[in-house]
Amino acid sequence: MAVTAKAFQLWRSRIAPNDTVSDVCRTAGIKRSTLAQQLVRGKVSVGTVIAIARGYSEDPVQALAEFEGYRDLGSSLRPPTDAELVSQVSHIDILRLLVARSEDRERAGDTVELELAPFPHRNSLRAWVEAIDPGDLRQSLAARTGVARQNLSAQLTAGRLSPELAVEAARIAGVSLTSGLVVTGLLTPEEGGWPDRGRGRALWALTDIELVQLARDRLEILGKQLRKAELEDGHDQAIWENLG
């Protein structure tokens, strides 16, 4: 959910009362034309608010909490669940841990250090939604926001999720609202209250069978995506051959 231009201007006048729009954009590292277009449309994006808050050393979470639709953002701030943390581990790292554990046993208990790749990974958003889903998350999210389920599925397939949907999904699931903004890449893990090395701790806590099942599920999704891509490539190739 974008914030209204009027509310944004009031907020901007409080944190930078003597700065022009050009000054604000320069400090935030955003294009003046970008902000100008958003102001003309009457809606300023969440990403713009966060960038400006950072530029002026303001807490992005507290800054967003000043706007309608995000009032409860700060009060909901709490650590992510282990399921959320694990959802942000790539299938490659899951497989690496399985191999590392096997090698560790073969070496009679040598300690194995595994440095996880940064997230988001290829299916971060889908994995997060599934991790927090109480059973009817997509239906409830569609009903509350008016977004058709097929549009929601399309966003997740494309690896996108609007801030409004991400926050509302977290609200429905009863997890920290900031988590939705972390997994969409709008907030850093630190800003969203995600613990340092929390993903690694949550992953190591899984049993071997849980790791195998998790890897199976992730690879199944990846396999479907690759098959779909192959079919689409084959369809495109056929079209070009017919045209040629």
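Colleague: Why is helix α11 largely enclosed by the rest of the structure?

Modeller: This is a predicted model, in which local features need pLDDT of at least 70, side-chain atom pairs count only at pLDDT 80 or more, and totals for chains, interfaces and linings use all residues. Residues are numbered from 1 along each chain as its sequence is written, and side-chain values use heavy atoms, with hydrogens and water left out. Helices (H or I, at least four residues) and strands (E, at least two) are DSSP runs numbered from the N terminus, and buried means under 20% relative accessible area, exposed over 50%, partly exposed in between (1.4 Å probe, protein chains only). Helix α11 spans residues 163-173 and is largely enclosed because its buried residues number 8 of the 11.

Colleague: Which elements are included in what covers the buried residues of α11?

Modeller: The buried residues of α11 are P163, L165, A166, V167, E168, A169, A170 and I172. Contact means heavy atoms within 4.5 Å. The cover includes α4 (46-55), α8 (124-132), α9 (137-145), α10 (149-157) and α12 (177-183).

Colleague: Which residues have the most contacts inside the largest nonpolar core?

Modeller: A nonpolar core is a set of buried Ala, Val, Leu, Ile, Met, Phe, Trp, Tyr and Cys residues joined through side-chain atoms within 4.5 Å. In soluble globular proteins, nonpolar side chains tend to be buried together. The largest core here has 61 residues, and those with the most contacts inside it are W11, W128 and L203.

Colleague: Which helix gives the most to the lining of the largest cavity?

Modeller: On a 1 Å grid over the protein atoms alone, a cavity is a set of points where a 1.4 Å probe fits but cannot get out, a pocket is an open set with protein on both sides within 12 Å along at least five of seven lines, and lining residues have an atom within 4 Å of a point. The largest cavity is lined by H91, H121, R122, N123, R218, I221 and L222. With 3 residues, the helix that gives the most to this lining is α14 (residues 208-243).

Colleague: What is the volume of the second largest pocket?

Modeller: Grid points are joined across faces, edges and corners, and a volume is the space filled by probe spheres set on the points. For the second largest pocket, this volume is about 310 Å³.

Colleague: Which residues are the closest to the centre of that pocket?

Modeller: The largest share of the lining of the second largest pocket, 6 residues, comes from α14. Of the 16 residues that line this pocket, the closest to its centre are A83, V86, A131, L214 and R218.
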